[in-house]
Structures are given as C-alpha cells and as structure tokens.
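Colleague: I would like to learn how to read this model, feature by feature. Can you take me through it?

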Amino acid sequence: MKRVPTTIPGLDDILFGGLFEGGVYILEGPPGVGKTTLANQMAYAHARRGVKTLYVTMLAESHARMLQHMEGQSFFRRQSVSAEVFYVSGYRDFEQDGLKAVIELVRGELARSKASLLIVDGLVVENSNGSMSEGVRRFVHELQSLVTAMTCTCLLLTSGRGSMHSAEQTMVDGIFAFEDHVSRWRSERRLQVRKFRGSEVVRGFHTFCITPDGLKFFPRLESLPVQPVEREVPENTVSTGMPALDRVLHAGGFLPGSNSAVVGNSGSGKTTFGLVFSAASTLAEPGLYVAYTESSTDLERLGGQLGVPIGAVIESGALTIESLSHQDDSLDEMGHRLLRMVDELKVRRLVVDGLAGMADTLAFPERGYRFVGRLLAEFKKRGIVSLFTIDPAALSIAAGTSLAPGVLGLFDNVLELSDAERDGEARVMHVRKVRASRASDLRVNIALQPG
Amino acid sequence: MKLILIVEDEHGNAEVLRMIFEALGYRVALASNGKDALKQLDAEVPAAILSDFMMPHMNGAELGTAVRANPKFRDIPFVMVSATNEDVVRRSFDDYDAFIAKPPDVDQLQQTLERLMERGRPSPRRDPDIDESMRHLLRGIDMPPED
C-alpha cells in the first residue's frame with residue numbers, strides 16, 4: 001500500500017512513514033488545538049509538489065477568515081488557492097439534503113478538482129450521548145468507498161471525541177486524538193495515535209507545538225526505535241581541561257562517548273567546570289554549551305573574569321553557546337533540539353548546565369529517568385563526551401522530587417564539587433565514580449582554570 | 001427596487017451580504033452555487049451579480065462564462081469576490097467587471113456595485129495590437145468614423 005507522507009515535522013516518524021493512500025483518518029480534538037492548521041499545512045506542502053487538495057468546510061470558520069489566519073504561516077501560498085487547494089462549503093447541501101448530498105458534493109468536486117487529498121473540516125461526529133448517529137456512520141462508510149475508488153486520502157476533522165469501542169471508530173483507518181493538556185499553570189499540546197491500520201506507530205503521547213512554520217511534533221524520545229548513526233566515533237580520550245583531573249581519570253581524560261554528572265550546590269563551581277571543559281574545544285573537537293540559567297553574555301563575562309578564554313573559542317568557531325533560559329519548551333522539544341544541534345555542529349564536547357532546566361517540564365517527574373537514559377545513549381552512540389551539571393536543590397524544586405540516586409547511576413562518571421572545601425580558586429572535587437576504572441571515591445585538588 | 005443576485009456557498013457570508021444590501025434598499029436573491037444562480041436568473045434578471053469564485057457544483061468562473069454566453073444575461077454587471085488571487089481567477093474567467101478580494105470592504109463593494117448598476121458594464125477592453133491588425137486588414141475599405 002502506498003504511503004502518503006504528511007510532511008509535518010516529526011509526525012511521519014510517529015507513523016513510521018506517513019498515512020496510507022485511500023485511507024480515512026479522523027483528527028479529533030478541542031477547538032484551537034491545531035487540527036485545521038495541520039490539515040492546511042499538509043495541503044500546501046502537497047500543493048508545492050503539484051498534488052491537489054479539496055477542502056470541504058461544514059461548520060468551521062469561513063474560508064476567507066481561515067486564509068487570513070494562515071497568512072502568518074510560512075507554509076501558506078495564496079497562489080495555490082483555487083490552483084492546487086480548493087475550498088468549498090458543504091453546509092448548504094447538508095442543510096438542504098443531509099449527508100447524502102454532502103457525499104454527492106464531495107464526489108463531484110473530487111472529480112472536478114482531481115484532488116488526491118480530501119479534508120472535511122467541521123463534521124460533527126457524535127450525538128449528545130457521545131455516539132455517532134446512523135447518518136454519520138453511513139456517511140463515513142460511503143466516504144471510505146469513495147476515496148478508495150478515487151485514490152484519495154481523507155482527513156475528517158472533528159471537535160468531538162468518540163468512544164474507544166464505538167462502531168464508527170472501528171470503521172476508519174486511523175484516529176489521531178489531539179489534546180491541550182493543562183497542569184496547574186502550564187499546558188502542553190499532545191497527540192496520541194489511538195488507531196492506525198496497516199502499520200505500527202510510536203504509541204503513547206507526543207508533544208507538539210504550533211509555530212509560524214506550522215505544527216511540529218516531538219516524538220517521545222525514549223519510545224523511538226534506536227537508529228544507527230552515520231558518524232565516525234573517535235577513539236581518543238578527551239581532556240577535561242584540568243591536568244590534575246585528567247591524571248586520575250582514564251589516561252588523559254574522559255573516554256569517548258562517556259557522560260559525566262557534576263554535582264554540587266549553587267556556587268560550588270559547576271558552571272566554571274563546564275566553561276573550562278568547553279574552552280578546550282577545537283575545530284577538530286567542536287563544543288556545545290547549553291545553559292538553562294545564564295545567558296551567553298553572562299557566560300562569556302564569567303569566563304573572562306576567571307581567565308577562561310571562552311570568547312576566543314567561540315569566535316574561532318569551535319564552541320557554540322545555546323541559552324535556553326526561561327523558555328517553556330516541552331521535555332521532548334528540548335531533547336530533539338539538543339540532538340539536532342549536536343548533529344548539525346558535529347559536537348564532540350557537550351555541556352548541559354544544568355539538569356534542573358530540563359527537569360522543569362511537565363513530563364520530567366514521570367519520564368525523567370527513562371528520558372535522560374535515552375538521551376545519554378544517543379550522545380554515547382555519537383561519541384560525544386557530555387557533562388551534565390546537577391544542583392540537587394534546584395533539581396528538587398524543578399522536578400518536584402529530590403535527586404534520586406538511580407539517576408546518577410545512568411552516568412559513567414559522577415564528580416562532586418563542594419563549596420565547603422575550597423582554597424581560593426582551588427576546589428576539592430570528589431570523584432565518586434568512574435566507570436570501567438578503579439579511580440573512584442578519590443579527592444582531587446583542582447584549580448578551576450585552564451591548565 | 002433593483003435586484004442583486006448574490007452567489008455564495010458559505011451560508012454566513014451570504015446572509016450577511018443579504019442583510020447589508022437589503023438595508024441599503026435593494027432586493028436580494030441568494031444562490032449557493034453557479035447552477036442555482038442560473039435558475040435564479042431564469043426567474044428574474046438582476047441588476048447585478050455578485051459572485052464568489054470557489055463554489056461547489058459550478059464555480060464563479062463557470063457561472064461567469066455561462067452568463068456571458070447568454071444574450072439575455074451577458075450585459076449584467078458581474079462582480080467577482082474571492083479569497084483567491086486575481087490572476088488565478090483570471091486564468092479561468094476574465095470577463096468580470098470588477099474583482100474584490102475577500103474579506104470584502106463593504107463600502108467598496110457597495111460603491112462598485114452601484115457604479116456598475118448606474119453606468120452599466122464598462123466598454124469592451126480594446127487590445128491595441130488587435131486594433132492595429134484590424135486596421136491593416138481593413139485598409140482600403142471605407143469604414144464609418146469611430147465615435
């Protein structure tokens with residue numbers, strides 16, 4: 001069976017390739033969640049390839065209003081309206097002669113427009129008691145026959161939500177359930193593919209957002225199949241930037257692909273440690289510093305004060321600082337962004353300062369352990385040496401739970417900084433654990449400066 | 001009272017336009033697509049036609065073509081109202097008398113319709129290249145002077 005890509009970023013990954021030609025899919029969810037935007041985004045993406053769409057509105061907003069709202073979307077091309085994307089209203093036919101007339105309208109307009117994608121927006125699927133009326137059931141059945149005969153793929157957009165076991169839900173080829181999940185002050189848009197004939201899907205909930213470029217989906221990271229990475233993984237160790245520490249680790253620093261947790265309270269030197277590690281980045285070993293509290297200007301200034309040449313390394317192109325402070329992204333959005341960045345920049349050294357910023361999301365309390373585990377595995381696969389700073393107090397506040405010892409078990413190396421044990425710029429670092437090494441439970445005096 | 005035929009598949013838009021022009025003192029007939037509009041034209045010839053472009057069964061271009069092909073209706077002022085780009089509309093039908101982008105400015109719509117109803121359709125557009133070819137062909141033939 002031929003696949004029809006949705007072209008919506010992330011959605012075809014959830015579906016393992018896209019929709020099936022000739023299928024009828026229900027998109028259900030509350031008003032404003034993004035169904036109409038998704039349908040139009042798909043229509044205009046297909047229009048760019050010369051594929052035509054027939055968009056039938058029932059009780060939805062007027063076409064002119066819908067098009068006005070889409071002017072702000074980068075996928076919208078007005079010259080495609082009535083050239084590749086055809087909008088007609090089915091309301092009059094429905095009002096006068098019922099759904100049978102709508103089927104006749106759809107049949108006639110599909111033949112006239114030669115559209116391969118049909119969108120019916122605003123169909124009321126359910127009665128007040130939550131079940132589908134006999135008329136709608138017949139409509140869906142006839143629609144299925146029609147789109148199969150005309151080799152067309154159909155999206156039915158509805159604000160209703162059918163019962164999981166209802167007859168109508170078994171009739172269609174797929175059900176996409178959209179929701180706007182609210183928890184206290186925050187909300188997240190989520191999708192669950194509740195049914196999909198013909199292929200497995202990535203099950204469970206996936207977050208998405210609506211941007212000026214349309215919808216973007218962020219499949220739940222730990223549920224994606226593990227894919228091989230086409231990237232040469234180096235074999236040499238990576239210096240921490242601090243010779244005293246390098247000596248106690250593996251013959252020169254961190255093992256390739258290893259990940260480390262640097263634990264310490266506020267003011268203990270975690271950020272400084274991260275800066276010193278990042279300052280050792282070169283064009284052959286590019287670095288990425290992801291900061292959840294400081295801005296890039298703050299970090300450059302701090303580096304300057306400590307004699308860490310962060311500015312020069314950034315200017316050379318060997319290091320990128322990405323500040324994610326005070327953004328309201330979902331956990332998966334952060335994860336996908338990180339992976340995209342490390343791949344684009346071919347990063348070898350990564351600092352995530354700090355884990356509390358990632359934990360301050362709706363999903364982390366439930367999924368944090370598995371999510372971090374998968375993220376670290378992805379970095380390891382790419383040969384990236386990563387360093388996560390962890391402030392236990394901040395993590396407790398952000399995640400709503402204290403730092404679980406099990407989380408540290410995910411990391412190859414656990415290094416602890418204590419602000420109580422310092423002598424000027426020198427610190428005592430407690431090397432709690434170094435995987436595949438006897439160097440554990442050691443105390444090392446380090447100066448948090450390069451060299 | 002003059003009759004305006006409004007051809008629009010979107011129920012809400014059609015009703016609003018009806019209210020506006022009835023308040024201005026016109027009679028209004030509604031049709032939800034081109035086929036319906038042709039039936040209305042047979043019943044009574046309006047002073048003007050205001051038509052949407054994207055409609056099911058028979059769209060605005062197909063309606064306009066049918067109207068211009070019928071001697072009984074071809075001089076009725078025809079205003080196309082659409083969210084589609086005008087050049088896309090023009091590719092299917094270009095013999096309308098005015099084009100107004102949706103959502104329409106009501107004042108502009110009213111002024112356009114009233115001007116057309118008062119003065120009638122503008123003269124047929126003259127293509128200077130065709131005029132020159134015609135003059136070449138007609139050279140040597142005594143033609144009455146143009147007004």
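Colleague: What should I know about the model and its numbering?

Modeller: This is a predicted model: local features need pLDDT of at least 70, side-chain atom pairs count only at pLDDT 80 or more, and totals for chains, interfaces and linings use all residues. Residues are numbered from 1 along each chain as its sequence is written, while chains are lettered from A and ligands numbered from 1 in the order in which they are written.

Colleague: How many helices and strands does chain B have?

Modeller: Chain B has six helices and five strands. Helices (H or I, at least four residues) and strands (E, at least two) are DSSP runs, numbered from the N terminus. Along the sequence, the pattern in chain B is β-α-β-α-β-α-β-α-β-α-α.

Colleague: How do I read a sheet, and in what order do the strands of chain B stand?

Modeller: Strands of a sheet pair through backbone hydrogen bonds, either parallel or antiparallel. Two strands count as paired if DSSP finds at least two bridges between them. In chain B, five strands make an open sheet in the order β2-β1-β3-β4-β5, with parallel pairing. The edges are β2 (27-31) and β5 (98-101) of chain B, each with a single partner strand, so one side of each has no neighbour in the sheet. From one strand to the next, the twist averages 20°. Angles run from 0 to 180 degrees between N-to-C directions, and axes are lines fitted to C-alpha atoms, for helices over the stretch in contact.

Colleague: Which residue stands opposite Asp52(B)?

Modeller: Val81(B) in β4(B) stands opposite Asp52(B). Strands β3 (residues 48-52) and β4 (residues 78-82) of chain B run parallel and are joined by four bridges.

Colleague: Which strands does α3(B) lie across?

Modeller: α3(B) lies across β1, β3 and β4 of chain B, at about 155° to β3(B).

Colleague: How is a helix pair described, and at what angle do α2(B) and α3(B) pack?

Modeller: Two packed helices are described by the angle between their axes and the distance between the axes. Helix α2 (residues 34-43) and helix α3 (residues 60-69) of chain B pack at about 30°, with axes 9 Å apart. α2(B) and α3(B) are therefore roughly parallel. The cut-offs: angles under 35 degrees count as roughly parallel, over 145 as roughly antiparallel, 65 to 115 as roughly perpendicular and the rest as oblique. Gly34(B), Ala37(B) and Leu38(B) of α2(B) make the contact with Gly60(B), Glu62(B), Leu63(B) and Ala66(B) of α3(B). Contact means C-beta atoms, placed from the backbone, within 7 Å. By class, the contact of α2(B) with α3(B) has four nonpolar, two polar and one charged residues. Ala, Val, Leu, Ile, Met, Phe, Trp, Tyr, Cys and Pro count as nonpolar, Asp, Glu, Lys and Arg as charged, and the others, Gly among them, as polar.

Colleague: Now chain A. In what order do the strands of its open sheet stand?

Modeller: Nine strands of chain A form an open sheet in the order β5-β4-β6-β7-β3-β8-β9-β10-β11, with mixed pairing. β5 (85-89) and β11 (214-218) of chain A are at the edges, each with a single partner strand, so one side of each lacks a neighbour in the sheet. Here the twist averages 25° from one strand to the next.

Colleague: How many bridges join β8(A) to β9(A)?

Modeller: 10 bridges join strand β8 (residues 174-183) to strand β9 (residues 186-196) of chain A, and the two run antiparallel. Val182(A) has Ser187(A) as its bridge partner in β9(A). The hairpin of β8(A) and β9(A) has two residues between the strands, and Arg184(A) takes a positive phi near 55° there. Ala177(A) stands opposite Gln192(A) in β9(A). Gln192(A) also stands opposite Phe205(A) in β10(A). Four bridges pair β9(A) with strand β10 (residues 205-211) of chain A, in the antiparallel sense.

Colleague: How do side chains alternate, and which way do the residues of β12(A) point?

Modeller: In a regular strand the side chains alternate between the two faces of the sheet. From β12(A), Asn259(A), Ala261(A) and Val263(A) point one way, Ser260(A) and Val262(A) the other way, and all are buried. A residue is buried if 20 or more other C-beta atoms lie within 10 Å of its own, exposed if 12 or fewer, and partly exposed in between, with C-beta atoms placed from the backbone. β12(A) runs parallel to strand β16 (residues 385-390) of chain A, joined by five bridges.

Colleague: How many residues of α8(A) are buried?

Modeller: Nine of the 10 residues of helix α8 (residues 270-279) of chain A are buried, so α8(A) is largely enclosed by the rest of the structure.

Colleague: Last, how many residues of chain B are in contact with chain A?

Modeller: 17 residues of chain B are in contact with 18 residues of chain A. On the chain B side, the largest share, three residues, comes from helix α1 (residues 11-23) of chain B.

Key: Two residues are in contact if their C-beta atoms, placed from the backbone, lie within 7 Å.
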